[in-house]
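Student: I would like to learn how to read the features of a structure that I have not seen before. Could you take me through one step by step?

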Amino acid sequence: GGLGDVLGGLPPAMAANGHRVMTISPRYDQYKDAWDTEVTVELKVGDKTETVRFFHCYKRGVDRVFVDHPLFLEKVWGKTASKVYGPVAGVDFRDNQLRFSLLCQAALEAPRVLNLNSSNCFSGPYGEEVVFIANDWHTALLPCYLKAVYKPRGIYSTAKVAFCIHNIAYQGRFAFADFALLNLPDEFKSSFDFMDGYEKPVRGRKINWMKAGILESDKLLTVSPYYAEEIVSAAEKGVELDNIIRKTGIFGIVNGMDVQEWNPLTDKYTTIKYDASTVADAKPLLKETLQAEVGLPVDRDIPVIGFIGRLEE
């Protein structure tokens, strides 16, 4: 959804401003242009040690890095029927905590171990002078591992973490006993500790990944100034994290738009291209094309209203 759009468009915009930018995401598919770097790292996940490999491609000034492990790849059945978070809607994979713990740990290793030389301006590993931008609950362990594992050893001593909330409704709430799976010191327990009135996934006391991400990061962001106001306005708007966010403070930055991706002069999905000077002539013709394609009455004078968003209970 929105996060996918942001991760597509924001990094190239940052790179165009002169920053060295890497994105790190799970390798959910055999992405045809991302190649095996042959760099592996061993990470402790739950009670096992797992080996991950990094795949890489360089596009529009951005190092796109994918974390390769069967926990990601074996869950997803090709690009058309992907099951990224659970087997069916509303049901989580039981190992989601292990998978996203793996992602967070791999993301902390990537800037140090990957020797990337695709760019004309930068070469070698990124090193330790970095800012991590962690997005939504799946990445909330990153600031925790940074503080628990790296900083005490003098690694990433100046690194910072900005935690960005794209959707406050999804927080990563799990049974409190599951804290042991995360291999974090007990002093982090209070950051995860959470009580709610729901019986999913268990009744009573829980851990809440997003709460920990908010409390352990250096800066809290969200996708617009209005959303920043909305999620602190009431318990239901902040889905019970409103009081935590009011305490830490939050900064809303409007999600931008990738003007290359959404340029109507070059859009591969439309039959008629247009710009600001020809939009009035092109839009009615495009409307008729769309009406015909989806079986609506073809009439350029009828309003057609599009909705992009999720329908969710």
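This is a predicted model: local features need pLDDT of at least 70, side-chain atom pairs count only at pLDDT 80 or more; totals for chains, interfaces and linings use all residues.

Student: In what order do the strands of the open sheet of 4 strands lie, and what is the pairing?

Tutor: The general idea is that in a regular strand the side chains alternate between the two faces of the sheet. Here the open sheet has its 4 strands in the order β1-β4-β3-β2, and the pairing is mixed. The edge strands, each of which pairs on one side only, are β1 (21-26) and β2 (35-45), and from one strand to the next the twist averages 30°.

Student: Which strands does helix α1 lie across?

Tutor: Helix α1, made of residues 2-16, lies across β1 and β4 and runs at about 135° to β4. Helix α3 (residues 96-113) also packs on the sheet, where α3 touches β1, β2, β3 (48-59) and β4, and the direction of α3 makes about 125° with that of β2.

Student: Is D68 buried or exposed?

Tutor: D68 has its place in strand β4, and because its relative accessibility is 14%, where under 20% is the cut-off for buried, D68 counts as buried. The side chain of D68 is joined to that of R27 by a polar contact of 2.7 Å. If neighbours within four places in sequence are left aside, D68 is in contact with R27, T51, V52, R53, F55 and L73.

Student: At what angle do α3 and α4 pack, and how far apart are their axes?

Tutor: Two packed helices are described by the angle between their axes and the distance between the axes. In this model α3 and helix α4 (residues 141-150) pack at an angle of about 60°, and their axes are 9 Å apart; α3 and α4 are therefore oblique to each other. The crossing in which α3 passes α4 is right-handed, and among the residues that make the contact are C104 and L108 of α3 together with Y145 and L146 of α4.

Student: Which strands run parallel to strand β10?

Tutor: Strand β6 (residues 160-165) runs parallel to strand β10 (residues 219-222), the two being joined by 4 bridges, with L221 in β10 as the bridge partner of C164. Strand β11 (residues 251-252) pairs with β10 in the parallel sense over 2 bridges, and there T222 stands opposite G252.

Technical notes: Residues are numbered from 1 along each chain as its sequence is written. Side-chain values use heavy atoms; hydrogens and water are left out. Two strands pair if DSSP finds at least two bridges between them. Axes are lines fitted to C-alpha atoms, for helices over the stretch in contact, and angles run from 0 to 180 degrees between N-to-C directions. Contact means heavy atoms within 4.5 Å. Buried means under 20% relative accessible area, exposed over 50%, partly exposed in between (1.4 Å probe, protein chains only). A polar contact is a pair of N or O atoms within 3.5 Å; within protein, one must be able to donate a hydrogen and the other to accept it, and residues adjacent in sequence count only if both atoms are side-chain atoms. Angles under 35 degrees count as roughly parallel, over 145 as roughly antiparallel, 65 to 115 as roughly perpendicular and the rest as oblique. A crossing is left-handed if the near helix is turned anticlockwise from the far one by less than a right angle, and right-handed if clockwise.
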